[in-house]
Amino acid sequence: MFPGRRHDHWNLYDSHHRRSRLLGLQYSWQSRMVATDALAEESQLAVDKQLGSIVDCPILADDVIRSVVETLDSQHPRSSVNKTGSLNVDTSVSKALMRSNHRPTPIQMSHIRSRLEEKNLELLDMDYDILRLQLKINESVATMNALIKSRLQKQKEADSCQIWLSHARLLPLDIIIRILKFATSNVLGDRLSPLELSHVCSSWREAAITCSSLWNDLELVLSSFWPWRSSDPATQSNAVNSVIALWFGRANSFLPLTLSIIVRCELKLAMGEGVARGVLPFSSRVNSLYFEISKTGFNNSSSRGFEAMAPFLKLPAGTFPSLEDLTFIDWTPQKTDEVVPRITVFDFSPRLRRIILRAQPWWFKQEPSLVLPWAQLTHLEVGGVLTTSSFADVIFQCRQLQKAIFCYVEMPIDGDEPPSLPEKPVTFPYLVDLKLGLSGPDLIDRNDINTILSLIHLPAVEKLALSHGTPLLQLFPYHGFPILALVPLPGGTFPPLRRLMLSFADIDLEELLRLLNGCPLLEKLSLCLKSIAPELLLKALTRAERSQSEATAPLLSHLKSFAFAAQMENLEQSEDVNSVVSAFGDLVASWVSRRHPLSDVFLCLCDLRVDGDLHRTIKPEREAQFKEAILHQIGDDSQIEVFVELTEYTDLSDLFDVVDPVEWRKDNASDY
């Protein structure tokens with residue numbers, strides 16, 4: 001049951017047995033040997049010592065065995081007595097003595113002593129044999145251990161030969177370089193960065209240094225503790241400078257450089273000085289630059305990123321003559337006691353065309369803190385909040401734009417400076433993609449945003465997304481996006497418009513139909529309108545579609561994708577909900593019958609309640625039920641993909657509002 005314990009038990013038994021046998025051997029010799037001189041006494045002590053070491057040691061050493069055997073041989077030669085026994089005691093006499101308490105006679109005692117001596121000699125001979133056999137066992141074990149050790153060494157040598165012949169070692173240099181291109185990271189300090197991979201072995205180092213294109217991208221994460229552990233400012237500055245010089249010094253001189261600087265916590269001024277000294281020799285080759293001041297917590301005064309990076313940000317204009325893409329992100333709170341320097345380093349960059357920006361609204365005043373070449377930009381994405389004044393100051397300088405995103409333009413409030421507006425409308429001849437989102441309530445009666453939008457002329461726009469975010473609790477009046485200020489309906493059409501998204505727009509049903517009639521090439525339409533009842537809007541679109549004759553082009557004849565959001569907070573009866581779903585199915589069926597190139601439709605029911613309970617309705621089985629009803633109306637053999645989603649009001653903005661481009665990239669780590 002317990003083999004380990006049983007094994008220990010027998011080992012213990014064998015140890016005690018051997019101890020008793022050897023001690024008995026010792027005592028028999030003591031009874032037979034008489035020490036007549038000091039030499040005999042010393043020999044006996046030596047024998048006792050050797051026997052004691054044999055008894056105490058779990059393994060008999062070779063030298064101990066030989067010493068004991070030699071000592072015993074010198075003092076008592078091997079017995080020549082016949083093992084069968086020449087001295088015998090009468091068996092009957094011995095049995096009689098064993099079964100009684102009688103005293104043996106002198107003759108019997110003599111025979112018994114003779115037999116005892118004979119048995120002791122036999123035991124001594126057997127002990128000799130055991131010791132010699134133990135010696136042979138030790139020699140065999142030593143030989144086996146030597147063979148095992150030699151085999152292990154040979155196995156290591158064989159493994160080394162196998163490693164030398166492995167596919168990884170036989171890979172040519174160009175293959176290793178291609179592998180490193182897929183595996184390396186441009187983040188300094190990352191274990192997959194080329195700087196770290198070059199320390200793996202000489203082959204990897206040769207490959208990393210040979211492939212100069214690995215060193216053209218650098219992401220520098222600046223912090224107060226790693227990798228510059230020294231608290232000495234001069235040491236930190238020199239460390240940053242040397243790292244940038246080492247990294248970009250190995251870069252391919254025929255390819256542009258990409259630099260990312262991320263400031264994660266409070267830094268010292270020496271860090272910014274080191275960055276400025278390190279980047280300046282390579283600034284003429286920098287093609288793309290990413291600069292971010294990360295969030296530092298709730299303590300606003302602890303954020304000193306701009307002050308620490310002032311030596312870099314205050315480099316003279318024209319420092320980056322080859323700069324084409326700039327991402328500048330500021331996550332610091334709006335109310336902070338930090339002194340932001342006037343940033344001029346990105347001005348006079350003649351190739352700069354694309355900017356992704358998240359900055360504070362007060363940076364764009366008459367004397368802006370961030371100086372940029374606005375007039376030459378073709379791509380501008382602005383995250384975060386802008387006031388109407390800041391929006392006007394920026395948009396009217398960027399007349400070469402092709403794509404623009406402004407996600408949160410605050411409606412005017414008390415204390416806002418009036419915007420600087422042009423005297424006549426400004427035409428944006430190249431702007432094909434515009435996403436504009438307004439936020440905040442109309443607290444005062446001012447027409448700043450209407451005036452700004454009325455001065456924007458978009459003759460070439462193809463993608464237009466307009467939204468006005470509204471909070472869950474509307475404590476102040478919200479009038480929706482003033483779309484008519486941007487799109488004057490009398491005679492105002494968008495012939496090239498192909499994508500349109502209207503979210504919380506201030507428009508009625510008649511104005512919407514006129515707007516859609518003015519977009520004959522529309523391919524994608526997304527509507528989330530609170531000003532028009534969902535069922536009324538869907539049925540009006542169906543009537544407009546069916547009223548068209550066969551000879552005339554139908555409404556939205558090029559439509560490929562349609563998304564519709566219905567706010568159902570006021571509908572508590574299932575009949576009303578089913579009527580909205582039915583109206584949506586009728587509209588899609590009318591498009592299918594007129595052979596529209598429709599590929600997918602999406603119905604979003606927001607705040608759908610049953611008996612006042614919201615959470616009972618957001619279930620997959622109800623979505624499947626509505627989807628089945630729509631498919632039944634348009635035909636089960638239709639190739640149109642139908643999507644139905646039940647959601648809450650708080651999630652509606654993620655589906656139909658203009659998304660913050662900076663936040664979106666941060667969450668999805670991909671291009672917008």
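1. What covers the buried side of α17? The cover over its buried residues includes α16 (483-486), β12 (499-503), β13 (524-528) and α18 (534-547). Buried here means under 20% relative accessible area, with exposed over 50% and partly exposed in between (1.4 Å probe, protein chains only). Helices (H or I, at least four residues) and strands (E, at least two) are DSSP runs, numbered from the N terminus.

2. A word on the source: this is a predicted model, where local features need pLDDT of at least 70 and side-chain atom pairs count only at pLDDT 80 or more, while totals for chains, interfaces and linings use all residues. Residues are numbered from 1 along each chain as its sequence is written, and side-chain values use heavy atoms, with hydrogens and water left out.

3. Back to α17, which runs over residues 509-517 and buries Leu509, Leu512, Leu515 and Leu516. Those four sit on the same side of α17 because they cover an arc of only 120° around the axis; the arc is that of the directions from the helix axis to the C-beta atoms.

4. Phe504 lies in the loop between β12 and α17, and its phi is near 55°, a positive value in a residue other than glycine. With 9% relative accessibility, Phe504 counts as buried.

5. Compare that with Phe348, in the loop between β4 (325-330) and β5 (354-358). Phi of Phe348 is near 60°, again positive in a residue other than glycine. Is Phe348 buried or exposed? Its relative accessibility is 60%, so Phe348 counts as exposed.

6. Thr542 belongs to helix α18, one of the elements covering α17's buried residues. Its relative accessibility of 7% is why Thr542 counts as buried. Setting aside neighbours within four places in sequence, Thr542 is in contact (heavy atoms within 4.5 Å) with Ala583, Asp586, Leu587 and Ser590.

7. Next, a helix pair. The axes of α10 (residues 233-249) and α11 (residues 269-279) come within 8 Å and cross at roughly 30°, which makes α10 roughly parallel to α11. Angles under 35 degrees count as roughly parallel, over 145 as roughly antiparallel, 65 to 115 as roughly perpendicular and the rest as oblique. The axes are lines fitted to C-alpha atoms, for helices over the stretch in contact, and angles run from 0 to 180 degrees between N-to-C directions. Residues of α10 that meet α11 include Val240 and Ile244, and those on the α11 side include Met271 and Val275.

8. Pro459 is in the loop between β10 (456-457) and β11 (463-468). It counts as partly exposed, at 41% relative accessibility. Leaving out neighbours within four places in sequence, its contacts are Thr427, Phe428, Pro429 and Pro496. Its C-alpha atom is separated by 9.5 Å from that of Leu497, 38 residues apart along the chain.

9. For the overall picture, the protein has 22 helices and 16 strands. Of its 672 residues, 43% are buried. Among contacts with a separation of 6 or more, 80% come from residues 24 or more positions apart.
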